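Look at the structure first, then read the points by topic.

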Amino acid sequence: MRLLLLPFLFLALAGWSTPVDSLVTEEWFEQALVHYDNGEPDSFELMYEKVAIALEKQDDLKGWIVKHKNLGKKALLDGNDANASMSFLEKAFEENLFRAPVSEEEWEELGYLYIFTGYVQNNEFEAFDEARNAYRKAEKILVEKLGINDFYVARFLYLPLSTIYTMKGDYTAAETVLKKCYQICMAEGELDYAASVLSDLSVVYLDVGDLKKAEGTCQKGLEMDIRDEVSLALLNSNMAKTLFFQDRLKEGLPFALAANRFFQILIDQGWAEVAMGWLAVNKSLVGEIYTAMEDFRMADLNFGEAELLLTNIYQHKYDRDFGKLYQTWGRSKLASNDPESALEYFQQSLKSMLPSYRAENPLQNPDVRSLYGENTLMDALEGKAIALNKMFDGYSDVAYLKTALDCHESIFEVEHQLRQTYFYDDSKLYNVEDSRKRVGHAIDVCMKLFGETQDQQYYEVAFALAEKSKSVLLLEAFLKNNSPGKGLPQELFEEEKTLQGAIVEQEKLLHDLEAGNPGDSVAVQEAREMLLTKKMQFADWQNGIRQDYGHYYNNRFNDKPVAIRDVRETTLAKNETLLEYFVSDSKIYLFVINSGDFEVFTSARPENFKEDVLALQKSIQGYFNTNDPEASCEQYTSQAISFYNLLLKAPVEAGLVKENVLVIPSGLLALIPFDVLLTGEPESPCQFNEYPYALLEYNFSYGYSATLHYQLAGLPSRSPGSFMGVAPEFEGNNGWGALKANVELLKELEKEWEGIYALNDSATIANMKKALENQSFEILHFSTHAEANTGKADFSFVIFADGTGNYDSLFVKDIYQLRLLSEMVVLGACETASGSLYDGEGVISLARAFLQVGSRSVITTMWSVYDGTNKSVMLDFYQNLQEGMPKGKALQQAKINQTRLDARSAHPVFWAAYVPYGQMDPIRNGNSQGLYGLILFLAIVGILGIWRWRKPKKDKKKG
């Protein structure tokens, strides 16, 4: 081999010294290909090197890229050598080229090379992250740089890229790309591919649970004038799946069987492996349908046929398709009450997707370092955990439970990795919501382990699990906004702010376009694509931060739950109890923590839980809008007693609930103000000023999670004494009801609280932002109208003046861009705590937005408040703050004052809307004025004493 180096070196030098024209280079390249085909690696390498030197000498960058791409294709298609293919392709990556591309042709060829790279990574290595990165590079070049949006790009870039987005769970990105792909296919008359795109789009809707859209999309494709068996097969298969998820089994089965026939036609036509893979997936679906019909024999038959098809294709190659099949088979075994077989299939599923995991013992789980962000991997771990739980029920071996719990810890790791890849917040929300059932199962496992072992650690693990499922995205955003940024240059903070600001503006533009252009108009689709582009640019920026400032990035996204010890020592105030709830499909878990106790209570979730929560809420909010106030009163009274018994009675009777109570609700419980719960039957029905409200015994405040509350406690107090009040004038025009007391309230507060008051026409967003640029405020008070958007919570808004007699809107998304750093924000407006409710993330609302950007506490409203009552409650509240009461206590006392009025005014509709979130430290020291007076008095006495002490000496000298 060493002898070969001499002629190789000679030829290499000759290549540099002797000019070579392009025809000779082509001849050398053809000779290299012949040597490659003949299996002569040394001769191939020698000739290949000559070609490479010649191309660089000729400055033929386009030829360099094209030839490496062709070598990559030849290695894969002729030699079936994916590793060699990637080796050739990598030599033509942008960072490995002998110079940077300049011409459009050079850039275009590089873009096509990245498309093929994506194909190899996706289909040969199942390296989905690497494939997505390659497709993304191709998109940057071909679409963003060169403006190419043709059918080739649609078919070979957009379609596979959308599949990866769907598989990862970034559904909005997938939907945006697929709709663009559909537009291109329709514009170029490619109806068959357009129908295929609709099939992929229906999968996106299936995965997010929008079955109506999924069915409509499949129907639209099936009604198109197409003859393509591929599109017809996929559309029939997805229509069957859509109907299956709607429990319309008898309707769905014919579509699934029709899909089988179309796939078989494709196999007969020579599609071989591809069609066999599709047929295997569809037979697995048929097996699922038969499982739901409880025909387990037919289910096993179809699963077995699917396994045989995949084996014939892949010859036991590790593959995601095998993983999904074994999961489906495992769920079928669970349904037939055969957990032992189910466990074997889930174990096999994990082995299919994790080549390094070869354990035969089902009690051994994969190494956490081998896990990656993929939905199917989570499903396998979840299925295994459920099977292990059922195995424990049969054999009472705690080893099964411990392994099940370990599965759930692994799932959290996969979820965390997945969230870091998403472009859209709604994809992250879906990820968090999707984990709720898994968390409920994991907590149930912990309860069983505690019952078996009496080991307190399982209570603590259960609490940590509940915390991991609560307001994860809020915590992530809070840490991002309030991290110290050690080691991160200031210019990068500014760059991030600019990128995020551009995203917000594009989101607002898209929101306006969608409101005015229902459906998928060209303008709406273009706005969606631009938004995705901006989000991708921000993702690229974040990846750069992750690589260059890894320590900062990891600290910023550290979602480790707070420990019990830290809850006691840092999170809870004196004489305070934490009540944290987790509501699963069948149970309600309550974690109770105070300075000396930690207990967990479990109760059955009421059958009509959702209906009862909404009924309680309606009975309060709609009391004066009902035609039957007596019936409304009876409903409220009954529900308020019932929920007290469900949520508070057990820990109260156990003596665990102290005077101050921090409530961390779960799901629908976020809609209940605990103040209104009744500790017993009222002596006189509907005499609301005599009702035994929980408010009278407990000072309730609220948090999104104990971990976030712990982080809020670590924020420094803000600018003592600084106050900013905002109150536009409302005379009943431009769609907003008249308000008389909102401006009057702030004028009253101005007498006691020095600061900046933006009233009437000066209550503009610009004036507020200008003030925030110059200082932070201890208190910001917004006395205005607001509106919750329950469909798109980030577009809930607070109303400001625009300075010209009209109004302007500050959206939740705008608040995310502010840097408030306040001690307290008071939202004296309607529905500021309302928004989109998510079981895990809580209510996405205006109140939450202010906590996210740095306010230590927020006083917010759950429904429309009465103008006059708002003024009186708020004046009492601020007077109590002046006297040194903690924020929550000050609000509690103001509410109690309202209940001491007449029977009508004591109804909860007037006072219960006000809800305090966050840290409840006092704003003022109640003894500060007396202390200042004492200091002044002592100072005067001291001065007089000094004067009197000196004066006799002076007189004596004179004498």
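The count comes to 48 aromatic pairs in this predicted model. A pair of aromatic rings is described by the distance of the centres and the angle of the planes.

**Stacked pair: F723 and Y757**
- F723 and Y757 are stacked, at 5.3 Å centre to centre and with 20° between the planes.
- F723 and Y757 are both buried.

**Edge-to-face pair: W736 and F797**
- The ring planes of W736 and F797 stand at 85°, over the 60 degrees required, so the pair counts as edge-to-face.
- The ring centres of W736 and F797 are 6.1 Å apart.
- Here too the pair links distant parts of the chain: W736 and F797 are 61 residues apart.
- W736 lies in the loop between β6 and α32 (741–749), whereas F797 is in strand β10 (residues 797–801).
- W736 has a relative accessible area of 16%, under the 20% limit, so W736 is buried.
- F797 is buried as well, because its relative accessible area is 13%.

**Aromatic cluster**
- One aromatic cluster is formed by Y581, F674, Y698, F700, Y702, Y704 and Y917.

**Charges over rings**
- K73 places its charged end over the ring of F116, 5.7 Å from the ring centre.
- Over the face of F412 lies K468, at 4.8 Å from the ring centre.

How values were computed
Residues are numbered from 1 along each chain as its sequence is written. This is a predicted model: local features need pLDDT of at least 70, side-chain atom pairs count only at pLDDT 80 or more; totals for chains, interfaces and linings use all residues. Side-chain values use heavy atoms; hydrogens and water are left out. Rings of Phe, Tyr and Trp (its six-membered ring) pair if their centres lie within 6.5 Å; planes under 30 degrees apart count as stacked, over 60 as edge-to-face and the rest as tilted. Buried means under 20% relative accessible area, exposed over 50%, partly exposed in between (1.4 Å probe, protein chains only). Helices (H or I, at least four residues) and strands (E, at least two) are DSSP runs, numbered from the N terminus. A charge sits over a ring if NZ of Lys or CZ of Arg is within 6 Å of the ring centre and within 35 degrees of the ring normal.
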